[in-house]
Amino acid sequence: MREDQQLRDVFDAIADPSRRKLIRLLSEARELPLHELTAQFQMGRTAVSKHLTILKEAGLVLDRKVGRETRYRLNASPLREVQDWVAFYNKFWNENLMRLGQLLEEDEE
């Protein structure tokens, strides 16, 4: 699935803590099968699979069949949208805090 064909918003996909944990687990491994991912959660295989489907719809996870097993890996490139959004607000706050600091220094003089 190409990035421009994402079915789900990346921000929606990463909103859930379980999905963020899946992203972290996949970022630490090249590829993991569903049963190894499920072992990291206190939820069933079906619930983990549903979370993976949401991540897959956002383009964050790729899967492949190996025999009867499905293996998952991270595709981090859609996270660039999140990084760009955070960078914009980081710049916004840095500039405004710097201006506030200048105003406070002017008031002290």
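Of the contacts in the protein chain with a separation of 6 or more, 56% are between residues 24 or more positions apart. The model is predicted, and its protein chain has five helices and three strands. Along the sequence these elements follow the pattern α-α-β-α-α-β-β-α. The radius of gyration of the protein chain is 20 Å, whereas the globule rule gives 13 Å for 109 residues; the value is well over the rule, so the chain is more spread out than a compact globule. The C-alpha trace spans about 75 × 30 × 20 Å along its principal axes.

The surface can be described in two ways. Buried residues make up 27% of the 109 residues in the protein chain. The chain exposes about 7,900 Å², and carbon and sulfur atoms supply 50% of that area.

The strands come next. They form an open sheet of three strands in the order β1-β3-β2, with antiparallel pairing. Strands β1 (32–33) and β2 (61–66) stand at the edges; each has a single partner strand, so one side of each is left without a neighbour in the sheet. Strands of a sheet pair through backbone hydrogen bonds, in either a parallel or an antiparallel way. Here β1 pairs with strand β3 (residues 69–74) in the antiparallel sense, over two bridges. Within this pairing, Leu32 stands opposite Tyr72 in β3. Helix α2 (residues 17–28) packs on the sheet and touches β1, β2 and β3. The direction of helix α2 makes about 90° with that of β3.

The aromatic side chains give another view of the fold. The structure holds two aromatic pairs. One of them joins Phe11 and Trp85 edge-to-face, at 5.8 Å centre to centre and with 75° between the planes. This pair links distant parts of the chain: Phe11 belongs to helix α1 (residues 10–14) and Trp85 to helix α5 (residues 79–108), 74 residues apart. Phe11 is partly exposed, with a relative accessible area of 28%, and Trp85 is also partly exposed, at 49%.

What is the geometry of the rings of Trp85 and Tyr89? Their centres are 5.0 Å apart and their planes are at 55°, so the pair is tilted; planes over 60 degrees apart would count as edge-to-face. Both residues lie in helix α5, four residues apart, about one turn of the helix. Tyr89 is partly exposed, with a relative accessible area of 35%.

Methods: Residues numbered from 1 in each chain as written. Predicted model: local features only at pLDDT ≥ 70, side-chain atom pairs only at ≥ 80, totals over all residues. Heavy atoms only, no water. Pairing = 2+ DSSP bridges. Contact = heavy atoms within 4.5 Å. Axes fitted to C-alpha atoms, helices over the stretch in contact; angles between N-to-C directions. Rg over C-alpha atoms; globule rule 2.2 N^0.38 Å. Buried < 20%, exposed > 50% of the residue type's maximum accessible area, 1.4 Å probe, protein only. Areas by Shrake-Rupley, 256 points an atom, 1.4 Å probe, with all protein chains shown as cover. Phe/Tyr/Trp six-rings, centres within 6.5 Å; stacked < 30°, edge-to-face > 60°.
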